[in-house]
Amino acid sequence: MAASTFCPALLPLLRINCKFNGVYTRISLNRRAAYSLGLTASNGVERQGLPERGNQGQRRQRRAVEPRTERMTVDQDWTAVYPTAASFKPNSVPLPVRMGYPVKRGVPPAKKGNLELIKIPNFLHLTPEAIKKHCEALKPFCTEWPAALDSDAKCEEHFPIQVESKAYVSAGPSLRNPNARIITLTVKLSSLNLDEHARKKLIRLSGERYNKDTDTLTITTDSCPMKQQNYDYAMYLLTVLYHESWKTEAWEKEKTRADMEEYVWEDSPSQKNILETLLRMRPLGEKEEEGEVREELLGRVEVQEYKDSVTKLKNEGETETNMQQYKEAVKKLLNI
Amino acid sequence: MTASMRIASVRLLSKTRHYFSSEVAVQPGARTVHHQPASTRFVFTSVRCNVCLIPVAFLHKGRAYGTQSSSVTVTEEPDLLFQKLSVLVKSHDKAVLDSYEFFATLAAKELGLTLAKVFEPPKNIERLTLLKSVHIFKKHRVQYEMRTHYRCIEISRITGSTSRVYLEYIQRNLPEGVAMEVTKTAIEKVPDHIQMPLWSVQSQEKQGSQ
């Protein structure tokens, strides 16, 4: 027989394996060898001999114990079964869960010995009951938000400075995230004690950090390695900006019309023109001092209205209302 | 959890350890809030929590084997105020984020926090195309993609102590494979050195004359 011929050749191998692995490996080797050669008759003979050998052998088989789920009541305390995060234990979870890709015309595999259920993160330790218990224990460490600050406007009024920072939590080779050091400080200029000159100077000094529409100054610092250092640096920058803007340097007197942020009517070509026009409109023969005439003319209501309309046009741009106002002012002035 | 996550929990714990004292527990109601009607200044005291000193190795097993009393000490240091606390969690698995969102929102409600917004920013898919074979066969490629799902929980108007408690609780129960980014917007008063300018008008005139 072919079987008898091949067995002795493989026997030394089989014996070696027996020492290390035991009964099961021996059976599988035999079966595999038999399968490859297309032999099945020898298997029955081999198997009868093997169980006796197994009982002598290396390991005692564990007796199957009844799973814990059998003894669980419906109203048990689940927080005692899963107090903290733990992997899925099929004998501890009394749910008929199935997971995995089904075999053809089959169902997903059951929970016993199912690796898919063990791989995924489970929230069995965070049932609503458990969360409530945890929160009850945590409540003594919390403080209440002051009831008086119930709207954003009130927060803004009493606490004008906003400091934004980020923190990161992730698993990786390092805990640190370099982006956590960045601090962004936001403050509205209307909440700071500034006069006109200081405000304009501060806006000029801050440059791109100032937003005209929302009147906010934003200072972002990331030059220092630690968050606290960046925060201190941001407060330092704010302090410096504030105090520097109150100073008036000697060269600031040389500010020309071209440097002005907004249009000012006094000493402008528009004022000169209108004064000239009005002077010429006066009837001839009246000799008065020019200074008095000027002041008198400037004090007139129509001139004031004209001044307002021109300032609005220049500062806000051309809109329907502005143009209408200008037209009315001119008509009144020139008695049209 | 991985080892680095455990280290994260140690780092969080050490912050509270720093404030541990051997004082007897103060009554929780002894927090003082001074409200001065004239100037309406708000001074809030912070509550430091002294978590029991369980060795790090046993932290993940929880307190099932025995509890020690944790004392609450109230310090006079003013509490931080956060106008907004934004927690953004990222993961490759949307189901995990759904469960985590349920957990975080329920925890916030139980602790009495106001949930301003809970929403799902759109997912981000990063795709790459690689050659299928080690050598030649340029026409045959294989494509991989990495999907990152997001969930954002915004809490408005929360104090520093409460935020520390909530964030520590949330972060300790962060599942495997989930990353978190916390954005805090603290509100503060204008500091004293910015209230008045250093240089008064008189001294400016003096400087001008010089």
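Of the 336 residues in chain A, 30% are buried, in what is a predicted model. The secondary structure of chain A amounts to 13 helices and four strands. Its accessible surface comes to about 23400 Å², and carbon and sulfur atoms account for 54% of that area. When contacts in chain A between residues at least 6 apart in sequence are considered, 51% of them join residues at least 24 apart.

An unreviewed UniProt entry annotates residues 159-247 of chain A as "domain: Small ribosomal subunit protein mS35 mitochondrial conserved".

Helix α6 of chain A, residues 128-138, has A130(A), I131(A), C135(A) and L138(A) as buried residues. Because these residues cover an arc of only 135 degrees around the axis, they lie on the same side of α6(A). What do the buried residues of α6(A) pack against? Their partners come from both chains, namely α4 (78-81) of chain A together with α2 (94-111) and α3 (160-172) of chain B.

In helix α8 of chain A, which runs over residues 196-206, the residues A198(A), K201(A), L202(A) and S206(A) are buried. They span an arc of only 125 degrees around the axis, and therefore sit on the same side of α8(A). The cover over the buried residues of α8(A) includes β3 (210-211), β4 (216-221) and α9 (227-246), which belong to chain A. Just after α8(A) comes G207(A), whose phi is positive at about 65 degrees.

**Positive phi away from glycine**

Most residues other than glycine have a negative phi. D267(A), although not a glycine, takes a positive phi of about 60 degrees. This residue is found in the loop between α9 and α10 (269-281) of chain A, and D267(A) counts as exposed, with a relative accessibility of 57%. In chain B, F137(B) is likewise not a glycine and has a positive phi of about 60 degrees; F137(B) belongs to the loop between β6 and β7 of chain B.

**Salt bridges**

| Nitrogen partner | Oxygen partner | N to O distance |
|---|---|---|
| K307(A) | E266(A) | 3.4 Å |
| R280(A) | E276(A) | 3.8 Å |
| K94(B) | E120(B) | 3.7 Å |

The side chains of K307(A) and E266(A) meet in a salt bridge. K307(A) lies in helix α12 (residues 301-316) of chain A and E266(A) in the loop between α9 and α10, so this pair ties together parts of the chain that are 41 residues apart in sequence. E266(A) is partly exposed, at a relative accessible area of 38%.

R280(A) and E276(A), by contrast, both belong to helix α10 of chain A, where they are four residues apart, about one turn of the helix. R280(A) has a relative accessible area of 70% and is exposed, whereas E276(A), at 43%, is partly exposed.

In chain B, K94(B) forms a salt bridge with E120(B). The pair links distant parts of the chain, since K94(B) is in helix α2 and E120(B) in the loop between β5 (114-119) and β6, 26 residues apart. Both partners are partly exposed, with relative accessible areas of 37% for K94(B) and 41% for E120(B). Through shared partners, salt bridges join K94(B), D98(B), E101(B), E120(B) and R151(B) into one network.

**A nonpolar surface patch on chain B**

Which residues form a nonpolar patch on the surface? They are L128(B), L130(B), Y144(B) and M146(B), and together these have about 350 Å² of accessible area. The elements that contribute two or more residues to the nonpolar patch are β6 (124-131) and β7 (141-159) of chain B. L128(B), one of the patch residues, is found in strand β6 of chain B and is partly exposed, with a relative accessible area of 32%.

Conventions
Residues are numbered from 1 along each chain as its sequence is written. Chains are lettered from A and ligands numbered from 1 in the order in which they are written. This is a predicted model: local features need pLDDT of at least 70, side-chain atom pairs count only at pLDDT 80 or more; totals for chains, interfaces and linings use all residues. Side-chain values use heavy atoms; hydrogens and water are left out. Patches are made of residues with over 30% relative accessible area and no salt bridge: like charges are joined within 9 Å, nonpolar side chains (Val, Leu, Ile, Met, Phe, Trp, Tyr) within 5 Å. Accessible areas come from the Shrake-Rupley method with a 1.4 Å probe; for residues, only the protein chains shown count as cover. A salt bridge is a side-chain nitrogen of Lys or Arg within 4 Å of a carboxyl oxygen of Asp or Glu. Buried means under 20% relative accessible area, exposed over 50%, partly exposed in between (1.4 Å probe, protein chains only). The arc is that of the directions from the helix axis to the C-beta atoms. Contact means heavy atoms within 4.5 Å. UniProt positions are given in the numbering used here, feature names are shortened, and annotations may be inferred rather than shown by experiment.
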